[in-house]
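Me: I have a protein model open and would like to learn how to read it. Can we go through it feature by feature?

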Amino acid sequence: MSLAAAAPASAVVVNFEDVVPNLFADGESFTSGGFGFKIGGDFGAVDNASGFVFGNAPTGSVGQFYGGLNDSNITLSIGIAGLFKVQQFDFGF
């Protein structure tokens, strides 16, 4: 029990700023903030406020974001065992 209490707490923000803007097809994957992301369904893209991939960005966008298109999905994975908690999740339609 003392080992668990001594383990340092860590927090990671996944904001896609460490991903080169790109279009991803079904089955392709990328990493951001130490997490793996895999695209399912049709396709999605990591884009930035200037609209490199989509041609435009969500209103008020100032950084990079992931956009899923045509009912695609994205799966998040982590390579280590342990606790996982989502503190905040921002999204838009």
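**Reading the sheet and the core**

Reply: Start with the open sheet: 3 strands in the order 1-4-5, with antiparallel pairing. Strands pair if DSSP finds at least two bridges between them. The edge strands are strand 1 and strand 5, each pairing on one side only. Direction ignored, neighbouring strands here are turned by 20° against each other on average. Such angles run from 0 to 180 degrees between N-to-C directions, with axes as lines fitted to C-alpha atoms.

Me: What kind of model is this, and how are residues numbered?

Reply: It is a predicted model: local features need pLDDT of at least 70, side-chain atom pairs count only at pLDDT 80 or more, and totals for chains, interfaces and linings use all residues. Residues are numbered from 1 along each chain as its sequence is written, and side-chain values use heavy atoms, leaving out hydrogens and water.

Me: How many helices and strands does the protein chain have?

Reply: Both are DSSP runs, numbered from the N terminus: helices are H or I with at least four residues, strands are E with at least two. The protein chain has 1 helix and 6 strands. Along the sequence the pattern reads α-β-β-β-β-β-β.

Me: Which strands pair with strand 4, and over how many bridges?

Reply: Strand 1 (residues 22-25) pairs with strand 4 in the antiparallel sense over 4 bridges. There, L23 has A45 of strand 4 as its bridge partner. Strand 4 also pairs with strand 5 (residues 65-69), again antiparallel, over 5 bridges. V46 has Y66 of strand 5 as its bridge partner.

Me: Is strand 4 largely enclosed or open?

Reply: First, the term: buried means under 20% relative accessible area, exposed over 50%, partly exposed in between, using a 1.4 Å probe and protein chains only. In strand 4 (residues 43-47), 4 of the 5 residues are buried, so the strand is largely enclosed by the rest of the structure. For the whole protein chain, 24% of the 93 residues count as buried.

Me: Which residues make up the largest nonpolar core?

Reply: The general idea comes first. In soluble globular proteins, nonpolar side chains tend to be buried together. A nonpolar core is a set of buried Ala, Val, Leu, Ile, Met, Phe, Trp, Tyr and Cys residues joined through side-chain atoms within 4.5 Å. The largest one here has 9 residues: F16, V19, F24, F30, F35, F37, I39, V46 and Y66. Strand 3 gives the largest share of this core, 3 residues.

Me: How many aromatic pairs are there?

Reply: Rings of Phe, Tyr and Trp (its six-membered ring) pair if their centres lie within 6.5 Å; planes under 30 degrees apart are stacked, over 60 edge-to-face, the rest tilted. The structure holds 6 aromatic pairs. Take F30 and F37: the ring centres are 5.4 Å apart and the planes at 20°, so the pair is stacked. F30 is buried at 8% relative accessibility, and F37 is buried at 6%. Ring pairs also link F16, F24, F30, F37 and Y66 into a cluster.

Me: Where is F37 found, and what is it in contact with?

Reply: F37 is found in strand 3 (residues 35-40). Contact means heavy atoms within 4.5 Å. Leaving aside neighbours within four places in sequence, F37 has contacts that include V14, F16, F30, I74 and L76. L76 is 39 residues from F37 along the chain, yet their C-alpha atoms are separated by 4.7 Å.
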